[in-house]
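This briefing is meant to be read beside the sequence and the coordinates. Its points are grouped by topic, so that each can be checked in the viewer in turn.

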Amino acid sequence: MSALDLADEGAAGRIEVRDLVVRYGDAAAVDGVSFTVGRGEHVTLLGPSGCGKTTTLRAIAGLETPSAGSIQINGQTMYSAAERRNVPTEKRAVSMVFQSYAVWPHMSVFDNVAYGLRVRKLPRADVAAQAERALDLVQMRQYAERSASLLSGGQQQRVALARAIAFSPSVLLFDEPLSNLDAKLRAEMRVELRELQRRLGVTSVYVTHDQEEALAISDRVIVMHVGGIEQIGTPEDIYHRPKTRFVADFVGSANLIAGRIAGSADGNGHIRFESAGGLMLEACAAHRPRGNEDTVAVRTAHIGISINGAAPEQANTQGNSAAGRIRQRLFHGDFIQYVVDWPPGQLIVRRPPTDLFAEGAAVTLSFAAEHCVLLEG
Amino acid sequence: MTVFLLLFCGGLVGYPIVYLVLESLNTGDADTFPPESLGLDNYVNLIDDGRILTNTAFVACIATVMAVVLGFLIAWTLTRTRLPGRARLERLMQLPYYLTPLVGALAWAILAAPKSGFLNQLWHLVGGSGDLFNIYSAWGIAWVMALFEGTVAFVMIGAAMKSMDPSLEESSRVLGAGKWRTMLRITLPLVTPGVLGAAVFVFAEMLGSFAAALVLGVPGRFFVITTAIWEATLSFPPDYGRASAMGFALFAVMFASLTGYRWIVRRGNYATITGKAFRPRPLEMGAIAWLLFALCCFYVLVAVALPLAALTLTSFQRFATVFLSETELTLANYETAFGFGAVNSALGNSLLLGVGVATVGVLILAVLVWIIYRSRVPGSGLIEYVVMFPQAVPRMVFGLGLLWAWINIPIPIYGTLWLLALAYFTVLMPLGVRTLAGVVLQIDRSLEECARVCGASWAYQLRTVTLPLLRPGIIAAWLLLFIASVRELGVSIFLVGPNAKVIAPAIVSAWISSSTELSAALALIQSAAVFIALIVLLRAARRYSGELP
């Protein structure tokens, strides 16, 4: 591939990571990760702690030295094991919001935000104007002269964000920026971050272990597990069509039903899946089935419950339905979680708080074939 | 890089120790090097000198018990009661340590010498007969050591008490145990490892303690191991072999004690010491609390107020006496201190060394700390070990090793301030590294990384982020190194020469030549320099709202 191709904005994304490997001693924290982030796109690396997501992000920033693979930003090779090239952090023109905020306590809020501008030797007037614009964006203008050591957690978060966007970087990296905030503030900041990211149109890579956060604010989500990528897709893709057992389990809540493929259903592209209890289910597959898959996943929110005899609420003929008995009911406020005994074993079902059923009631369970997803592994 | 640092630090630390060991095995002519014949004779002779060993053990044991009991009670009072002015008391508690055992011993010699001591004179005045106190005794030495070096016990036990999670006690109360039962069954067992660790640590310190035994023991020919070492180097001809053997034996025992201390601390951690500071819940202790408060006040009285008062009074007198009616007030002692050639140069040299060692030391140590704790240079653990090693060597043993090492080297710095500066730097490395490391470890790595991400080069980041963040630590380390240099005795006493005098040995020689009044004046001047630095340190610490090291 020539440099000319890479400069073409349509062909290459803003960030391209290829076969990235980062080792700590003998252990590979990141083991052969490849993905592309398009211009203006907001991509989230999601996974449990130790999955390599932060290491990947830090490698993009140049804070970790990989041992193999390549990283390109804006068409320029920032790291390449083959070319023995490793551009230092400060020359990569990326910006980053740290998990600890890393707001410098010995400077004022303004000095923190102006840092990147002063490093770039901008004229004094421009420094002031751009820093103030950034502070306006995070509504921290009135705190500009305050010492950064006197700020609350939420305020520090805003300062860190303003500092990261002040010098108009083309790529913005976020390392779990909301994980130190309390739940309510986190929900608010989530909305603001999404808003800001859209407004600035800046390419961003975001790291989090919070699946709700990942689904809510991303254009695409990359689910990582033990140093590798499990699935890349839109939030809806990841939620509705998990590829692997890990994704189904880690993102949202799902029932995993063991069994085997028993053939294909007629005409509609669905397959027939015989569960361990002998119950035959109609399932869909996002991939071309190999035949030896042994698990389907059903989201707890995709399952309908109706009292026996009453008309089922989803009168879909090509769906699945089975008899069950409610074993336990837990009221969670925003939803009610039922544990239901049914032929393959136990099923977890989440219903809106208006769907009340008594413990011990005999019920009919129903879910569409599209929501019964065959897992690749 | 690593290799260079290891060679540099290892050379500074290891070179004198090697000389010490070789000389201690020398059975030929004590003054030739390398030794003509090697043997264990010097060590065998030690055992014959049983008196010195029993004296040392006796004094160290009493002093340790006094220091730990006092330290425990005071730490308890200051962390667990609701007494007024606790914060101020806590700060006062640290003063005796900065006053130094040498000054403390001088002051107590003035206060409690048989017949002439102020306290004994007062006793006679109210009609008592005989002497109330005799400071020139094993008990007197132990008393001064406990007061002025035992502060460590208080600090360590206090830290153990503060790091105890109050919910451990609260759950005992909730389960129905009473106040006293909780204290006996929960609190005491939990702080036991801390107290035990402090005891072992203080014992090691007391074994290597020199100043009190020098001022209070030598006049009555009562020798402990440190003063015996000193005596051996002063005899004619100097018996360096014997001195080195004693020194190495002392080092071995102290090293073993400190190893034991580390073992206790690591093993006895339970889950109480989480590194998290808790606010211990004050207990309602009624009248006992006031008794403990009185004890704290008593400690401040005998370790700060009385010594300073006695020294001040004496320093203005022509002849030391407690009776103001008979006293002749004079400024002559201060005139001598500032005017008399040798003494005044000692003063100047000490300040010069203090400023020089602190300035150069902080610069070198800052780089060293950075490499040890921040870089991913292989072998940084080994460098740390080497750098921290001098704290396991008794000061005066190190001084002896240095003396012997530098006499035998063709570089002509023996008897100059250069050697003193090099020696100070070596023995103060652990202090400086510990202080700076405390600050470096508090600085989150991301604070620096963020500067780089913002586009700053390494040098720009160093100037705008790293150094400003390190400033409180650098100031604290500078002041602590200055204080430690100005009060240094153990190493200095072997390395001073006619043209390189410093203040602590000058105080000792003034004392030995029986000029109590002059030594009092010198002691006060030294303390004044230390206290000024200390006040600046406290101010700086408060301004940066950092913690006192």
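This is a predicted model: local features need pLDDT of at least 70, side-chain atom pairs count only at pLDDT 80 or more; totals for chains, interfaces and linings use all residues.

## Surroundings of B:G117

Leaving aside residues up to four places away in sequence, B:G117 touches B:I110, B:L111, B:A112, B:F133 and B:I135.

**Two glycines in loops**

- B:G117 sits in the loop of chain B that runs between α6 (101-112) and α7 (118-125), and B:G117 counts as buried because 24 C-beta neighbours lie inside 10 Å, where the cut-off for a buried residue is 20 or more.
- Computed along the sequence B:G117 and B:D131 are 14 residues apart, while in space their C-alpha atoms are 9.1 Å apart.
- A:G278 likewise belongs to a loop, the one between β13 (271-275) and β14 (280-283) of chain A, but A:G278 is exposed, because there are 9 other C-beta atoms within 10 Å and the cut-off for an exposed residue is 12 or fewer.
- Between the C-alpha atoms of A:G278 and A:H302, which are 24 residues apart along the chain, the separation is 22 Å.

**Nonpolar core**

- The largest nonpolar core comprises 276 residues, and those with the most contacts inside it are A:A283, A:V296, B:L106 and B:L481.
- A:V296, one of these residues, touches A:I257, A:F273, A:L281, A:A283, A:C372, A:V373, A:L374 and A:L375 when residues up to four places away in sequence are not counted.

**Open sheet of chain A**

- In chain A, 6 strands in the order β7-β8-β9-β3-β10-β11 form an open sheet with mixed pairing, and its edge strands, each of which pairs on one side only, are β7 (94-97) and β11 (228-233).
- On average, and with direction ignored, neighbouring strands of this sheet are turned by 20 degrees against each other.
- Within chain A, strand β3 (residues 42-46) and strand β10 (residues 220-225) pair in the parallel sense over 4 bridges, and A:R220 in β10(A) is the bridge partner of A:V43.
- Helix α5 (residues 153-166) of chain A packs on the sheet, where it touches β7 and β8 (171-175) of chain A, and the direction of this helix makes about 175 degrees with that of β7(A).

**Hairpin of chain A**

- Strands β18 (residues 336-342) and β19 (residues 345-351) of chain A pair in the antiparallel sense over 7 bridges, and a hairpin joins β18(A) to β19(A) through 2 residues.
- Across this pairing, A:I336 stands opposite A:R351 in β19(A).

**Contact between the chains**

- The contact takes 16 residues from chain A and 15 residues from chain B; on the side of chain B that touches chain A, α21 (445-453) and α22 (458-486) of chain B each supply at least two residues.
- It is α21(B) that gives the most to this side of chain B, with 6 residues, and by class the side has 9 nonpolar, 3 polar and 3 charged residues.

**Confidence in chain A**

- The average pLDDT of chain A is 88, and 93% of the residues score at least 70.
- Over residues 1-12 of chain A, however, pLDDT stays under 50, and for this stretch the model has 8 contacts beyond four places in sequence.

Key
Residues are numbered from 1 along each chain as its sequence is written. Chains are lettered from A and ligands numbered from 1 in the order in which they are written. A nonpolar core is a set of buried Ala, Val, Leu, Ile, Met, Phe, Trp, Tyr and Cys residues joined through C-beta atoms within 7 Å. Two residues are in contact if their C-beta atoms, placed from the backbone, lie within 7 Å. Two strands pair if DSSP finds at least two bridges between them. Ala, Val, Leu, Ile, Met, Phe, Trp, Tyr, Cys and Pro count as nonpolar, Asp, Glu, Lys and Arg as charged, and the others, Gly among them, as polar. Axes are lines fitted to C-alpha atoms, for helices over the stretch in contact, and angles run from 0 to 180 degrees between N-to-C directions. pLDDT is the predictor's confidence in each residue, from 0 to 100.
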